[in-house]
Number of protein chains: 2
Amino acid sequence: MSDLKKRGRLVVVSGPSGVGKGTVLKYVLENEDFVYSVSATTREKRKGEENAVDYFFMSKEDFSGMIERDEFIEYACYNGNFYGTPKFFVEDMLSQGKNVILEIEVKGAVQIKSLVPGAVFVFIAPQSKSGLAERLRARGTEEESVVANRLAIAENEIRSCLMYDYIVVNRDGMAQECAKDIIAAVKAHNLKPENVYSDICEFFN
Amino acid sequence: MSDLKKRGRLVVVSGPSGVGKGTVLKYVLENEDFVYSVSATTREKRKGEENAVDYFFMSKEDFSGMIERDEFIEYACYNGNFYGTPKFFVEDMLSQGKNVILEIEVKGAVQIKSLVPGAVFVFIAPQSKSGLAERLRARGTEEESVVANRLAIAENEIRSCLMYDYIVVNRDGMAQECAKDIIAAVKAHNLKPENVYSDICEFFN
């Protein structure tokens, strides 16, 4: 029986563009047991951005060094700039008992599944195709063909949701309920026998 | 996408004698989404007991008829009286969207696992051997050999907990937290892909 603070859990969150991830995660982060994973990047700091809050800003040399030393959970290159999830930040937060939210697309999530066995995987799904199409349309002035293309990509992502541990549906006007679902899922994940065993192993000796 | 009220879930709860199931479940039942399964019995109604609240009181003939018509989820005989969980009550509550708590020992739970595939299984475990022994001692004026015997039975039951879906530890003075864990477990169980699929099947067509 340990009175030490329980380690937090890495919470990998995916969901298609337009599903409302930002709003849902904002509500989750109001819970003090949750923090958002801060990424490292080689791109220029923009006005108003803060180091170690928005991103860890670093040079390409430093980023390359971290890649070589295997210090990222995952990383990728977009438009000539590197972005990655540094292990040190996640590890620091987990050891403080915080659940760390890592928002990442489906392909990245698959990689993490084998790298971090203790992570819990949550997929945010839209309520309906028509609702998702509406939200994608409302986002910009795009032509209908662009919307149709984005919808096709989203539907493809959604079909990957069955490999996640939990699926939360973000229903219209229910983002806060959806956030509560995510919090319950993480809480319940910690109650699975394999995760409780160390607390009650006394009874198995 | 269905707007019909979601069916409730059968919540099978076990835990050793002395773990404090009564107090924990009292807190769970303060949540209006949960009801306690009312059993049927052939024993005499005691003063203060109410039919359909404490038990469904019935004759041995009626009870036998229900057994023959396969109208119990499970039943057993103790001290010459029959006790059973009538399907009609559970089904009625589930269809009203209520989660039905069925408190039952480990052996009965095993039977239900194959009978009701949708049920969720929760085990209430004590914090420590010494704590459990203390609670068993506090219960009565029993001799130490009786306590030791009960503790051995309890420990045996606890070793079955790994086959439950979720294990909640009832820590000293934390019964309310333990109840919250049970509620989160049931909520999260409904978020598992196999239980969400029907809500998002539109995306798989």
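Student: Which residues in α7(B) do Asp181(A), Ala184(A), Ala185(A), Lys187(A) and Ala188(A) in α7(A) meet?

Tutor: Welcome! This is a predicted model, where local features need pLDDT of at least 70, side-chain atom pairs count only at pLDDT 80 or more, and totals for chains, interfaces and linings use all residues. Residues are numbered from 1 along each chain as its sequence is written, while chains are lettered from A and ligands numbered from 1 in the order in which they are written. Two residues are in contact if their C-beta atoms, placed from the backbone, lie within 7 Å, and helices (H or I, at least four residues) and strands (E, at least two) are DSSP runs numbered from the N terminus. The partners in α7(B) are Asp181(B), Ala184(B), Ala185(B), Lys187(B) and Ala188(B).

Student: At what angle do α7(A) and α7(B) pack?

Tutor: Two packed helices are described by the angle between their axes and the distance between the axes. Axes are lines fitted to C-alpha atoms, for helices over the stretch in contact, with angles from 0 to 180 degrees between N-to-C directions. Here the axes are 8 Å apart, and the angle is about 110°. Since 65 to 115 degrees counts as roughly perpendicular (under 35 roughly parallel, over 145 roughly antiparallel, the rest oblique), α7(A) is to α7(B) roughly perpendicular.

Student: Which element supplies the largest share of the side of chain B that touches chain A?

Tutor: In the whole interface, 29 residues of chain B are in contact with 29 residues of chain A. On chain B, α6 (144–158), β9 (166–170), α7 (175–189) and α8 (193–200) each supply at least two residues. The largest share, five residues, comes from α7(B).

Student: What kind of axis relates the two copies?

Tutor: Superposing by least squares on the C-alpha atoms of residues with pLDDT of at least 70 in both copies, chain B can be laid on chain A with an RMSD of 0.1 Å, by a turn of 180° and a shift of 0.0 Å along the axis. The copies are thus related as by a two-fold rotation axis.

Student: Through which surface do the copies meet?

Tutor: Compare the interface residues of the two chains. 100% of those of chain B are also interface residues in chain A, so the copies meet through the same surface.
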